[in-house]
Amino acid sequence: MRLPVNRFKAALREPGVQMGLWLSLGSAITAEIGATAGFDWLLADGEHGPNDPLTITEQLRAVGQYPVSLVARARDGTGPSIGSLLDAGVQTIMVPKIESARQAEAIVRLLRYPPAGERGVAIGSVRASRWGAIDDYLGEAAEQLCLIIQVETRAGLANLSSLARVEGIDGIFIGPNDLAAALGYPGEPSHHVVQSAIVDAISALTSAGTPTGILVRNVEDGAHYAALGCRFIAVGSDAGTLAHGLRRLAREARGAMTDL
């Protein structure tokens, strides 16, 4: 059995924008619905969403038959948090709140087996190797792994150029909400100060040739950031879409019934 090709990683090397959806509900059913909708990638959120390695494994299985990539955001940058996702078969990992090149280099090592890194070695007992059925998983795994780090603090912005130079980083994702709070404007990612910082960051990363990603609230913002050079953009979330849709439905239905 051959190791699956990481389509998301390959796509980042090609022109164009990869369109994504945030999965915050921890549901394999929701993930499969997202997989049928036409997105290029889905993000299972292990930082703020109710996700763990088991629920993410279920989502991997649910979307496996569709032409979509599942990215998983680790709860943090620790070995147990990242390692369990890798062993589950996640090929693209996003890690929040990276602020320095030294921190990023440590994360890279967690994705690689010794002697090049520090990933724990378990082959026959993990889904990533299909329980030992994938030929030479130990030697080939790193080639198909993709690492996305998040920049969402003042320190991260200050160290952006050094972060972009870290070998093994495949892309940098800007977190607008955390960045807004870090810059003194909590809940205001559209504030001109926050937007100026984001635009400058995208410009710097694009000039460095680093694929850049972001989460947006609407399609118009997505188009704006795509024009600035972002390569992978999440255009919404399962939770947000469901909440807004149900509220609109209830409001419109109540209005129609009240008018009778």
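1. Ground rules. Local features in this predicted model need pLDDT of at least 70, side-chain atom pairs count only at pLDDT 80 or more, and totals for chains, interfaces and linings use all residues. Residues are numbered from 1 along each chain as its sequence is written, and side-chain values use heavy atoms, with hydrogens and water left out. Helices (H or I, at least four residues) and strands (E, at least two) are DSSP runs, numbered from the N terminus.

2. Strand E3. Of its 5 residues, 5 are buried. Buried means under 20% relative accessible area, exposed over 50%, and partly exposed in between, with a 1.4 Å probe and protein chains only. In a regular strand the side chains alternate between the two faces of the sheet. Both faces of E3 are covered: Ser69, Val71 and Arg73 lie on one side, Leu70 and Ala72 on the other.

3. Serine 69. This residue belongs to E3, residues 69-73. Its relative accessible area is 11%, so serine 69 counts as buried. Beyond its neighbours within four places in sequence, serine 69 is in contact (heavy atoms within 4.5 Å) with Arg7, Phe8, Asp40, Trp41 and Leu42.

4. Strand pairing. Two strands pair if DSSP finds at least two bridges between them. E2 and E3 are parallel, with 5 bridges. The chain gets from E2 to E3 through H3, in a right-handed β-α-β crossover. Right-handed means that, with the strands pointing away from the viewer, the path from the first strand over the helix to the second runs clockwise. E3 and E4 also run parallel, joined by 3 bridges. The crossover from E3 through H4 to E4 is right-handed.

5. Aspartate 45 and arginine 73. Aspartate 45 sits in E2, residues 41-45. It is buried, because its relative accessible area is 2%. Its bridge partner in E3 is arginine 73. Arginine 73 in turn stands opposite methionine 94 in E4. Leaving aside neighbours within four places in sequence, aspartate 45 is in contact with Trp22, Leu23, Asn51 and Arg73.

6. Helix H4. Ser81, Ile82, Gly83, Leu85, Leu86 and Ala88 are buried in this helix, residues 79-88. The buried residues of H4 pack against H3, E3, E4, H5 and H6. Glycine 89 follows H4, and its phi is positive, near 110°.

7. The whole structure has 6 aromatic pairs. Rings of Phe, Tyr and Trp (its six-membered ring) pair if their centres lie within 6.5 Å; planes under 30 degrees apart count as stacked, over 60 as edge-to-face and the rest as tilted. Tryptophan 22 and phenylalanine 173 make a tilted pair, 5.6 Å centre to centre with 35° between the planes. Tryptophan 22 is in E1 and phenylalanine 173 in E6, so this pair ties together parts 151 residues apart in sequence. Both residues, tryptophan 22 and phenylalanine 173, are buried. Phenylalanine 173 also forms a tilted pair with phenylalanine 232, at 5.9 Å and 40°. Phe8, Trp22, Trp41, Phe173 and Phe232 form one aromatic cluster.

8. Helix H12. Its 21 residues, 238-258, reach 30 Å from first C-alpha to last, close to the 30 Å expected at 1.5 Å a residue. The expected span is 1.5 Å times one less than the number of residues. At the start of H12, a side-chain oxygen of serine 237 comes to within 2.8 Å of the backbone nitrogen of glycine 240.

Terms used. Polar contact = N/O pair within 3.5 Å; in protein donor to acceptor, adjacent residues only side chain to side chain.
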